[in-house]
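Me: Please take a close look at one chain of the structure shown here, and then at the partner that it touches. Kindly state each cut-off as you use it.

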Amino acid sequence: MNIAPSDEQVMVRDMVRRFLADRYDATSMANGPMPAKDWRALGELGLFALLLPESAGGMGGGAMEVMIVAEELGRALAITPLADSVVLCGQVIARSGDAGARWGEPLAQGDAVLAFARGGREEAGVLSGASGIVPGGMAASAFVVALETGGAALVEADASGVARSAVRMVDGSIAADLRFDGARCVPLDIAEADLSVAVTMAELAIVAELVGAMGTLLDLAIDYVRQRKQFGKPIGSFQAIQHRCARLYTVLEQSRSMMLRAALAGDDARGRAVTEAKAYVLDAALRLAEDVVQLHGGMGVTDELAVGRGLRRVLLLSRLYGGGAAARMALAA
Amino acid sequence: MDLALTDAERAFRGEVRAFLADALSPELRRGAALTSGVFAEPDIARAWQAILEAKGWLVYHWPAAAGGPGWTRIQRWIFEKECAEAGAPVLPGMGLKLVGPVLYTFGSDAQRAEYLPALRSGEHVWAQGFSEPGSGSDLASLRTRAVRADDDYIVSGHKIWTTQAQFANRLFALVRTDPDVKPQQGISFLLIDMAAPGVTVRPILSASGDHELNEVFLDEVRVPVANRVGEEGQGWSIAKFLLENERGGSSFAPQLLADLRRLAEAAGPLVGERADRALRLRLEAQALEMTELRTLIEIDAGAAPDPRSLTTKLIASKIRQGIETLAVDAFGLAGLQLPLERPFYGSDVPPPIHSAEAQVAAARYLNARAWSIFGGTSEIQLSIIAKAALGL
């Protein structure tokens, strides 16, 4: 049985980790969306090309690559459109004929961001209706729209009949409230099964980002309880604090196991394994983030520390693709 | 995690599966299913031990140099997983899992030659003499004294929570050979013949009515110095080895997942809140399975055990207790029966009401409370994790 990353995968992980460590530390983490120039720099390093399928001009990285990259971004509490744009929309356009050729290159370079919208009706190449709040929607060059009527379509953001207004989300990312009123679109020739494969990959990315964030938040908490003194001693010397930290460590390791299990699953089994990972990790991550705030006392609830901002990011990610309860309902069905 | 197995591992699994299908008689399966305690009872365990020994798989977790089959950790895991799935009896671990590895690691040539074959054949049945009435979590405070008299130690003291001591003919015990040094440094590890004059076993009945636990009184018992394992004063580090070996030696998740599956089969479809509880327990056990595998694979690759291996007993205890509570709920009043006859599988015992799983549910629920107590309480586990994994 082999679960260790390959040499190439380790190189990718180290590259992303170094890139992010050079730019973010505990004071700057999760302080707003990643600047476009950093995003483009990651594209130039070949990171997005690695994850894009070959039919979109990428290198066809699989679940392990998605997991590794997403976990590193999560570890830096980076606020990026990785899961939606590169993974989900990238997988969709790669499976949709011409769209892959048109958008693969700009996605890979980090020049363009795509956003994924749900809702809207298509008739004779024209979109109407509303998609509601679309994460990353204000920065998007185009939208992949999962239609109410089934199937998907692609619409450019500056097409006439596309109306969007900015929504500031809890983690500081900017979403769009999106409406269509006779916007011209290109129907995407994608099978339902392919669409669900794409969503599964994006969900794996979300799980991995959360696991990365959990690791960083726990590290911050351990550092803090070692330094913070009350009653003349570091609070980390008190058993109540030690046991809370130890429980968080078990939750982190169990979450990491669920993530790995999902990434290692074969193509046939991945959908279910990712849903199982979501059912476990989404709730675990929020609980851990809440506990890390608790361990930081009053400082934890401020905007000054990464933990408070990390809680906001974890809250968003853990709800973005349906929460843990929804995943458990899906498994029970 | 099927899909990450190599072809060779898959073939091995097929071999194990075929063996189990053939070797597990209906009586053995029934005996295992109707076991309410941690380990199978002697008649069931003895028969299964003999079958495994004849196959060469009894000491599957020992290295080849000590007489094991030379399996990788993954092969051992596959074997445990298949045994759990097939409903094989769980053999008592005091000999095979605890004192066996101590003997082949620390024992003298003479001790290995005397004790290892007798352990495997079933001639020696072992009990563990660690805890004392005043020394539970604080094990190093133990007071059983061993005083040197020529070629013997004269041992006096009081051991407690001794699992299956009523069936054992050998006891491995921690004793204090030097009261004048730091508590940990004055402890030695002795092998005691329970037939020796001065050894008395008194039963402790569990809340379930089961007799698993005992007190062992040692009243000036003469133990040859040749029965000391390791040096005088080395007992504490041997005990730590034993406990670490116990932790890293086998996996919890396979049995938990198999028991959850059997519960769902026996209780019929669980609905509503019970279905959600069953699902959460399964998710936790699936995560534990991967947590355990990660460590096994790393050890096979030559790495030292990661601190995450310290978490598994804590997690497993919680899942075990959750499963047994769910079972009591799932079977309704049938899950609250506590028949007077022991063992449940005896030939003159009436057939179970509802199902084997329902009949043992209440007893298992009660016995499972001990999971978060024995082998280091959950509170002790948390303190160990905080120290060893987090440096607090």
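Reply: In chain B, 73% of the contacts between residues at least 6 apart in sequence join residues at least 24 apart; two residues are in contact if their C-beta atoms, placed from the backbone, lie within 7 Å. The model is predicted, so local features need pLDDT of at least 70 and side-chain atom pairs count only at pLDDT 80 or more, while totals for chains, interfaces and linings use all residues. Residues are numbered from 1 along each chain as its sequence is written, and chains are lettered from A and ligands numbered from 1 in the order in which they are written.

Chain B contains twelve helices and eight strands (DSSP runs numbered from the N terminus, with H or I of at least four residues for helices and E of at least two for strands). Its C-alpha atoms fill a box of roughly 65 × 50 × 45 Å along the principal axes. The radius of gyration of chain B is 21 Å, which agrees with the value near 21 Å for a compact globule of 392 residues; this radius is taken over C-alpha atoms, and the globule rule is 2.2 Å times the number of residues to the power 0.38. Of the 392 residues in chain B, 45% are buried, that is, have 20 or more other C-beta atoms within 10 Å of their own, with C-beta atoms placed from the backbone.

An unreviewed UniProt entry places the feature "domain: Acyl-CoA dehydrogenase/oxidase N-terminal" at residues 6-123 of chain B; such positions are given in the numbering used here, feature names are shortened, and annotations may be inferred rather than shown by experiment. That span of chain B is 68% helix and 0% strand, and its end C-alpha atoms lie 38 Å apart.

The partner is chain A: the contact takes 30 residues from chain A and 30 residues from chain B. On the side of chain A that touches chain B, the elements giving two or more residues are helix H7 (192-227), helix H8 (239-264), helix H9 (267-295) and helix H11 (324-332) of chain A. H8(A) supplies the largest share of that side, 15 residues. By residue class, the side of chain A that touches chain B divides into 16 nonpolar, nine polar and five charged, where Ala, Val, Leu, Ile, Met, Phe, Trp, Tyr, Cys and Pro count as nonpolar, Asp, Glu, Lys and Arg as charged, and the others, Gly among them, as polar.

Terms used
Buried ≥ 20, exposed ≤ 12 C-beta atoms within 10 Å, placed from the backbone.
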